[in-house]
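Please work through the following exercises on pockets and helix packing with the sequence and the structure at hand. Each task is followed by a worked solution.

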Amino acid sequence: MEQPVFIAGVGVISAIGNTVAQNLLSLEQEKTGIAPIQYLDTEHRDEFPVGEVKLSNNELAEMSGFKPGIGRTAMLSSIAAKEALADTGIINLAGLRTGFISANTVGGMDKTEDFFRDFLDDNTKGRLRNVINHECGAITNLVADQLGIRHYVSTISTACSSSANAIIYGARLIKNNILDVVIAGGTDAFTRFTLNGFNTLMILDKQPCQPFDANRRGLNLGEGAGYVVLVSARIASSLKKELYCTLSGYHNANDAYHQTASSPEGTGSLLAMEGALKKSGLQPADIGYINLHGTGTQNNDSSEGTAISKLFAGHSPKMSSTKAFTGHTLGASGGIEAVFSALAVRRGLIYPNLRFETQMDGFPFTPETHFSTQPDVKHVLSNSFGFGGNCSSLIFSKL
């Protein structure tokens with residue numbers, strides 16, 4: 001029989017706060033983190049609003065314990081992962097089979113950009129040290145070393161579903177009795193590479209985004225990190241603190257419809273949600289709240305909405321996209337929203353879909369517009385749908 005997987009700790013840093021408590025307060029107060037670009041050096045500074053973490057690299061270095069020369073992606077990861085681990089009350093990992101499964105999509109791209117600014121003008125210039133942690137895996141290794149984790153370290157990079165897939169992988173490692181404790185989630189920093197790439201796709205909003213609104217114009221990019229600490233039943237029973245919930249269901253599917261677009265029929269989204277429900281043994285009517293992927297683009301929201309309409313026909317759970325608070329944090333989004341979902345199911349919370357005004361045609365549901373408490377919420381579904389049709393859904397269930 002499969003082991004249950006418990007969530008014993010959570011950690012997050014995003015545009016709406018540097019800790020779990022700060023993020024939760026912003027959600028309760030309906031306070032967005034979307035603002036003009038402050039820290040990224042880009043010619044688009046006054047063009048696109050984004051969800052930057054409100055800290056300079058020097059301030060992040062001080063909080064994370066890294067030297068200022070380390071990339072922003074690693075520093076964000078360190079801060080959130082340390083908070084998640086501290087939240088468990090586990091003081092010493094010695095004797096525990098521990099893993100760190102971390103996702104990201106940009107690696108140390110911010111430092112690589114600094115290198116090429118000098119190198120392209122003169123190929124005898126540029127600090128090579130800036131490119132040493134360029135690849136995604138280097139970021140994971142830096143933080144794993146800082147945490148003292150050696151047993152199992154791995155990196156996931158599947159676009160916007162990266163963090164959710166890291167959490168799925170961590171759960172499987174526990175269920176198969178390979179590890180006892182897994183810190184799983186993801187991180188991503190806001191870079192010129194990301195901004196320019198999404199601008200090329202012509203899906204950035206020049207105003208604060210409006211996910212699942214009929215008049216939505218596109219997404220706002222963001223940055224941050226979010227991790228949950230998954231533990232086995234044996235470890236859970238030994239902890240002296242209250243657990244958050246169980247990770248009762250999860251599924252990854254790939255409809256391979258297009259390199260960047262979601263299937264108009266919502267095929268991948270539907271497969272991911274159906275698979276997660278099957279894994280958990282639940283029915284659609286059991287889901288009390290959905291944390292939507294909800295990027296605010298024409299294609300994504302229509303595709304996800306179509307899949308939800310099919311699966312939840314006759315029963316529309318409360319739902320919202322929290323990306324209107326944080327921006328789309330790409331490889332970190334599934335981890336950040338997993339933290340929000342674990343808090344939602346433990347405390348019975350429903351988050352608002354900021355700036356929602358007009359219902360999309362043909363859909364039987366309307367996103368929530370205000371923060372509320374719903375103690376009867378027992379199961380929360382969190383969606384993370386990535387480029388290439390890589391779609392993942394997680395289900396968090398009350399203890």
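The exercises below concern a predicted model.

**Exercise 1. Describe the largest pocket by its volume, its lining and the classes of its lining residues.**

Solution. 
- Step 1, volume: the largest pocket has a volume of about 320 Å³.
- Step 2, lining: 24 residues line the largest pocket, and I203, T260, T297, N299 and F387 lie nearest its centre.
- Step 3, contributing element: helix α10, residues 298-311, gives the most to this lining, with 3 residues.
- Step 4, classes: the lining of the largest pocket has 14 polar, 9 nonpolar and 1 charged residues.

**Exercise 2. Classify the packing of helices α9 and α10, and list the residues in contact.**

Solution. 
- Step 1, geometry: the axes of α9 (residues 267-280) and α10 come within 8 Å and cross at roughly 45°.
- Step 2, class of angle: α9 is therefore oblique to α10.
- Step 3, handedness: α9 passes α10 in a right-handed crossing.
- Step 4, contact: α9 contributes S269, L270, M273, E274 and L277, while α10 contributes S303, E304, A307, I308, K310 and L311.
- Step 5, classes: the contact of α9 with α10 has 6 nonpolar, 3 charged and 2 polar residues.

**Exercise 3. Carry out the corresponding analysis for helices α2 and α3.**

Solution. 
- Step 1, geometry: α2 (residues 57-64) and α3 (residues 72-88) pack at an angle of about 40°, and their axes are 9 Å apart.
- Step 3, handedness: α2 and α3 form a left-handed crossing.
- Step 4, contact: N57, L60, A61, M63 and S64 of α2 meet R72, M75, L76, S78, I79 and K82 of α3.
- Step 5, classes: the residues of the contact of α2 with α3 comprise 6 nonpolar, 3 polar and 2 charged.

Conventions: Residues numbered from 1 in each chain as written. Predicted model: local features only at pLDDT ≥ 70, side-chain atom pairs only at ≥ 80, totals over all residues. Heavy atoms only, no water. 1 Å grid on protein atoms, 1.4 Å probe; cavity = no way out; pocket = protein on both sides within 12 Å on 5 of 7 lines; lining within 4 Å. Points joined across faces, edges and corners; volume = space filled by probe spheres on them. Helix = DSSP H or I, 4+ residues; strand = E, 2+ residues; numbered from the N terminus. Nonpolar A, V, L, I, M, F, W, Y, C, P; charged D, E, K, R; others polar. Axes fitted to C-alpha atoms, helices over the stretch in contact; angles between N-to-C directions. Parallel < 35°, antiparallel > 145°, perpendicular 65-115°, else oblique. Left-handed = near helix turned anticlockwise from the far one by under 90°. Contact = heavy atoms within 4.5 Å.
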